Amino acid sequence: MKKSRSLLFIVFFSVFLLSSVFTQNNKKTGNLRALNDGWQLFLQKTPEQTFALADSDSPADFEVSVPNEWNEQIKLSGGTSPEIYGCYRFVCKNLDSQIKYAIHMKESPGTSCAIYINRNKAAQTGNPFAMIEPGVKLNSRKYNRSNSQSVPVYTEFYPDLNGNAEIIFFVANYYYRKGGLWDTVYLGTADTLWRYNILTLVFFCIVIGSLVFTGLLNIFQFIMNKKRTEYFFLGIASLCFAVRIGTAGYCSLGILLPSLSAELKLKLELLAIWLVPVSILQLIFLIYPSDNRTVIFKFLKEKYLRYTLNAVALTLGVLSLVLPAWYTNRLVPVLQIILIIFSLYVIIFSISNLIKRKRYSLYNFLSFFTIATGGVFDIIHSSSKETIPIPTLPFFILAFVIIQVVMLAAIQNDISKKTAKASDDLSRLNDAYLRFVPKEFLHLLNKESIIKTKLGDYSNIEMTIMFSKVSIVTTTNEVSLDDDFLIFNEYLKTVSPVIKKYDGFVSKFLSGGFMALFPNSPLDAMRSALEIKDNVSKFNDSELCKNHTITPWMGVHFGKMIIGTIGEEGRLDDTVISDTVNTAARIETVCEKLGRSIIISEAVEKRAPGEKASNIQFNPLEVMYVKGKEKPLQLYEVERKKQVGSAIIEKEEGQK
């Protein structure tokens, strides 16, 4: 968004700068002027015929002002078609014969022309002479070799010794519905006019380049995210605007592509009339969906009106592309009517949204207000070049596109905020799930997230299981379930970090105990059990347990088991299924029966040979039967070796 605002500032600063430079140059030289009045029009006269008529002081067919479309003059002379040729003649007087002058037009007339200065051909666009070749019949309603061209005109000359310059435009119109000298003819010293020409070209290149960059950027955004079709439509509109500015007003595209025919230039120029309205309308209704809104009548849904307008515009637009240029330019009035309907529809809709204070409505209103303001400035420029010396409409078009880009950036920013919030909510939800389903359990299932877990996922694995319960004895006569619950919870808070410390995790919290799994080594379970036993001694001495005593019972076993998800699609739970679990539970009951805190199975003891020589002591118990087992089990009580006492005994024996 910041980049878009900076670009908008640069655009308007460039307008001010170019306008100031041109105005200063004009004030300094004082010799750049538009040749508007005093033109003679010789209809259906060749240059040679015009020379002869001028030499004989024969009157011209018409005295006209330029810019001029000769349709009215053709009607006055009894003609019916603007497809005709003729010569425009203007005589400049009181020029300095020692100074080089130039004439300039932003767009060549015609559809083709040849320029004569003092009876010498100085420039030519297209081939106007094909129309007057004897025996040649041209059918403009079919595709023929193009004799037309549309480019900016610039040519330099010296006046004659008397300071006069006779300027004649030989104009031939092959297919267009209007013919004549369409644009203003500027006269000035070569230096001044060349500077003006270059500044105009730079002006248009800046605008076109900005629009092309904006268009391609939006198209790329769409390619990266196909769901954001509003970027596609804004990109298409920006590129069409760029083509329009490159072909209309100052035909800079003709400089880049000298072989560009006037027919193709016309088809490209019209893209902005039919493709831009469709794109903008689609863009607006992607931002403000209207599937259920109605117009006037309840049965007339707004979306059907939009579809109809789009269908008509696209049909006429495609016809303007595929038909010969004679038909294309005659579709222009119809396309202009469609454009007006689109404009009214969009403006009314934008004002309605602004009144209703809908989100982003201000952006839409400003963008269309900008286009309207640009149209007013363009009218002032056309009527008075001194007031506004350069065409500013292209910059207003660029400003329109930039406002739309800023709006999309605001929309994208809101979407990003919603996405970030949704991501944060999902993260917190995932964390909440992990309070019920340990992440270690997911890792054993080879799952990265709870989202990827489904009913029936399981793993077959060997590991150690600790089954534990506690007894809480009250030293007073009063029995409080609330106190027991509180103490048990505080006990679990003490136990859980110890289990995690030794790479285990609590799989289930049970009534009065828990079940913990240790995937790596049985030693982890034994060390965890010993530390839990040590911590319970400190816990019993705390203020919380002044009237209670906790005694933990922990049975540890090793073996194969299946861990996985069970339940139904709407309600899953994690579970451990194996005889190993049942055996660990039975060993825990032996702990309670014998009053021993930690008892392990022979399977665990065999996997801890190195610990027998360290600080863990294994006390074998009598072989006993446990519930659910046909064969008796060899069990061991696990304790810490009394390292300190042994060191004292060894020291005393050494002294003796």
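Q: Is Phe204 buried or exposed?
A: Let's start with one residue of this predicted model. Buried means under 20% relative accessible area. Phe204 has a relative accessible area of 2%, so Phe204 is buried.

Q: How do the rings of Phe203 and Phe204 pair?
A: Phe203 also counts as buried, at 2% relative accessibility. A pair of aromatic rings is described by the distance of the centres and the angle of the planes. Here the centres of Phe203 and Phe204 are 5.4 Å apart and the planes are at 70°. Planes over 60 degrees apart count as edge-to-face, so the pair Phe203 and Phe204 is edge-to-face.

Q: Which residue lies over the face of Phe285?
A: Over the face of its ring, at 4.5 Å from the ring centre, lies Arg306.

Q: How far is the charged end of Arg330 from the ring centre of Trp326?
A: Both Trp326 and Arg330 are among the residues that Tyr175 touches. The charged end of Arg330 sits over the ring of Trp326, and its distance from the centre is 3.7 Å.

Q: Is Ser528 buried or exposed?
A: Ser528 is found in helix α16 (residues 522-540). Leaving out residues up to four places away in sequence, Ser528 touches Met466, Val498, Ile499, Tyr502 and Phe518. The relative accessible area of Ser528 is 0%, so Ser528 is buried.

Q: How far apart in space are Gly254 and Ser150, C-alpha to C-alpha?
A: Gly254 has its place in helix α6 (residues 252-256), and with a relative accessible area of 4% Gly254 is buried. Beyond its neighbours within four places in sequence, Gly254 is in contact with Ser150, Val151 and Leu260. Gly254 and Ser150 are 104 residues apart in sequence, while in space, C-alpha to C-alpha, the distance is 6.6 Å.

Q: What span is expected for helix α5 at 1.5 Å a residue?
A: Helix α5 covers residues 229-247 and has 19 residues. The expected span is 1.5 Å times one less than the number of residues. From its first C-alpha to its last, α5 reaches 27 Å, close to the expected 27 Å.

Q: Which residue with a positive phi follows α5?
A: Helix α5 takes in residues 229-247. After α5 comes a residue whose phi is near 80°, and that residue is Gly249.

Q: What percentage of the residues of the protein chain count as buried?
A: Let's finish with the whole chain. Its secondary structure comes to 19 helices and 20 strands. Of the contacts with a separation of 6 or more, 74% are between residues 24 or more positions apart. The chain has 656 residues, and the share that counts as buried is 48%.

Terms used. Residues are numbered from 1 along each chain as its sequence is written. This is a predicted model: local features need pLDDT of at least 70, side-chain atom pairs count only at pLDDT 80 or more; totals for chains, interfaces and linings use all residues. Side-chain values use heavy atoms; hydrogens and water are left out. Helices (H or I, at least four residues) and strands (E, at least two) are DSSP runs, numbered from the N terminus. Buried means under 20% relative accessible area, exposed over 50%, partly exposed in between (1.4 Å probe, protein chains only). Contact means heavy atoms within 4.5 Å. Rings of Phe, Tyr and Trp (its six-membered ring) pair if their centres lie within 6.5 Å; planes under 30 degrees apart count as stacked, over 60 as edge-to-face and the rest as tilted. A charge sits over a ring if NZ of Lys or CZ of Arg is within 6 Å of the ring centre and within 35 degrees of the ring normal.
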